[in-house]
Amino acid sequence: MYKIAPGPCQLLHDSAQTKILETSCRNTLPAQALMQRAGLATARLALALAPHAKTFWIACGPGNNGGDGLEAAQHLHRWGKFVHASWLGNPGAAPEDARTAYQRAQAAGLSIRNDLPTHCDFCVDALLGIGISRAADGPLRDCIDRINAIDAPVLSVDLPSGLNGDSGTASGVHVHALHTLSLLTLKPGLFTAQGRDAAGQIWFDSLGVSAPAQTATALLNGRPPALPRPHASHKGSYGDLAVLGGAAGMTGAALLAATAALYQGAGRVFVFLMASDSVLLAPDYPELMLRPAESLDAGAMTLVCGCGAGDAIAQHLPRLLSTAPRLVLDADALNAIAQDSQLQHLLRARSSRGRQTVLTPHPLEAARLLKSTVTEVQSRRLHAASEMAASFACTVVLKGSGTVIASPQQASVINPTGNARLATAGTGDVLAGMVGARMSQGEAAFQAACAAVWLHGLAADNWADGQVLTASALASRRF
């Protein structure tokens, strides 16, 4: 068992793959072995998290997640703790493993109750796990409401009850846990959408079983390698990057992207401003070379396009989509493409010509590209990112809580770094510049996107407490 923290890549398995693995284990392991391992792992973690707690409430659902909870309750009872074990099932209707756990709990002298406590020192949520099929109602909803209301730390078993383990969404009430112990496999929903808020600190126990890598639904993003900078190199070794954007009143967006690219190590950074009356000077960053938009020749550059560009970006896109060898499309460039089938055709054609492209939409921009809604995108973030990547033949960075990075013929990646400090104007422009900088230094589009997203989020995680995160401060952050 170990705590999940930003670091090496981890495999993520959806509910269908997890159930297949569970079935395989039941066919090869002794009867009830998997549930007994899960119960012991849960009890050990509960005791480690609350060693001085006297009263434990174990809220057990009617299925096998509840069986895990009943197994955990036995151990805590044997270890001298007062255990209030609530079970919403009954022996006649329970699955075989859960029924056996109930019988074992009774044999251990544990009193199984159907009332809900008003107080405890520590709560274990073993109501649903991956068994959610609809919004909770009746006694199940009452139990979730009580868990959320009780003044005690909460440990959820496998998933916070009510949370969809595949999408990270909840169709109704769900448990808000301080800790979640994911068993057998790590579930993608813990790391994206509502999952990160619902799950709290995530722990993992494989229960002694190795999940096949080839069946993984996605990967958890890991720390990227540092880009090499040999002594025998020069500014030309790290590429030329151009930022096209900054319409009237929005020049700051282009400058933020360019500044971020500068601090991420691009060799030379040019800013092509679309505002005709702009002063072509950035006194705080004299390294940036400002030019009028009409002078851009992107044939040999990495191009970041769309940051604060306004509607006028549409007239530039046919040429840029046809000529730029490496292209990051953000903001208004994405909106223009979503409205124009010819631009979409040019975008799809880039891959067949060996050109690399990264799209960096937020959920609303993604909804426009998919002719969908924000609600639909957020309810299936992994699928939405993969659908965009396949449709446009490029790498897609679907921003948000648990940013998803997808690319054709690649396992999708969910990013574990970042927090709500990034919910401020301009941080998306900074990310676009960071992706472009890594591409300009020779990193492939998908790897560049994964690395930039991880570092972007890590900067927010390491931000000093009490200090407001602004995009300009983030852009000039050294990593």
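Trainee: Which residue in E8 does leucine 155 stand opposite?

Mentor: Leucine 155 stands opposite histidine 179 in E8. This is a predicted model, where local features need pLDDT of at least 70 and side-chain atom pairs count only at pLDDT 80 or more, while totals for chains, interfaces and linings use all residues. Residues are numbered from 1 along each chain as its sequence is written, and side-chain values use heavy atoms, with hydrogens and water left out.

Trainee: In what order do the eight strands of the open sheet stand?

Mentor: The order is E1-E9-E8-E7-E6-E3-E4-E5, and the pairing is mixed. Strand E1 (2-3) and strand E5 (112-113) are at the edges. Each has a single partner strand, so one side of each lacks a neighbour in the sheet.

Trainee: Which strands does helix H2 touch?

Mentor: Helix H2 (residues 33-49) packs on the sheet and touches strand E3 (55-60), strand E6 (122-126), E7, E8 and strand E9 (201-205). A contact means heavy atoms within 4.5 Å. The direction of H2 makes about 155° with that of E8. Axes are lines fitted to C-alpha atoms, for helices over the stretch in contact, and angles run from 0 to 180 degrees between N-to-C directions. Helix H3 (residues 64-78) lies across E3, strand E4 (82-87), E5, E6, E7 and E8, at about 160° to E3.

Trainee: Is strand E6 buried or exposed?

Mentor: Buried means under 20% relative accessible area, exposed over 50%, and partly exposed in between (1.4 Å probe, protein chains only). Five of the five residues of E6 are buried, so E6 is largely enclosed by the rest of the structure. In a regular strand the side chains alternate between the two faces of the sheet. In E6, Phe122, Val124 and Ala126 lie on one side, with Cys123 and Asp125 on the other. Both faces are covered.

Trainee: How many bridges join E6 to E3, and how many to E7?

Mentor: Five bridges join E3 to E6, and these strands run parallel. Tryptophan 57 stands opposite cysteine 123 in E6. E6 and E7 pair in the parallel sense over three bridges. There, valine 124 stands opposite leucine 155 in E7.

Trainee: At what angle do H7 and H14 pack?

Mentor: Helix H7 (residues 251-263) and helix H14 (residues 427-440) pack at about 40°, with their axes 7 Å apart. That makes H7 oblique to H14. Angles under 35 degrees count as roughly parallel, over 145 as roughly antiparallel, 65 to 115 as roughly perpendicular and the rest as oblique. In H7, Ala253, Leu256, Ala257, Ala260 and Ala261 meet Asp429, Val430, Gly433, Met434 and Ala437 in H14.

Trainee: Which residues have a positive phi although they are not glycine?

Mentor: Most residues other than glycine have a negative phi, and most peptide bonds are trans. Alanine 331 has a positive phi of about 50°. Alanine 331 sits in the loop between strand E15 (326-329) and helix H9 (332-338), and is buried at 14% relative accessibility. Lysine 371 has a positive phi of about 55°. Lysine 371 is in the loop between helix H11 (363-370) and helix H12 (374-378), and is exposed, with a relative accessible area of 59%.

Note on methods
Two strands pair if DSSP finds at least two bridges between them. Helices (H or I, at least four residues) and strands (E, at least two) are DSSP runs, numbered from the N terminus.
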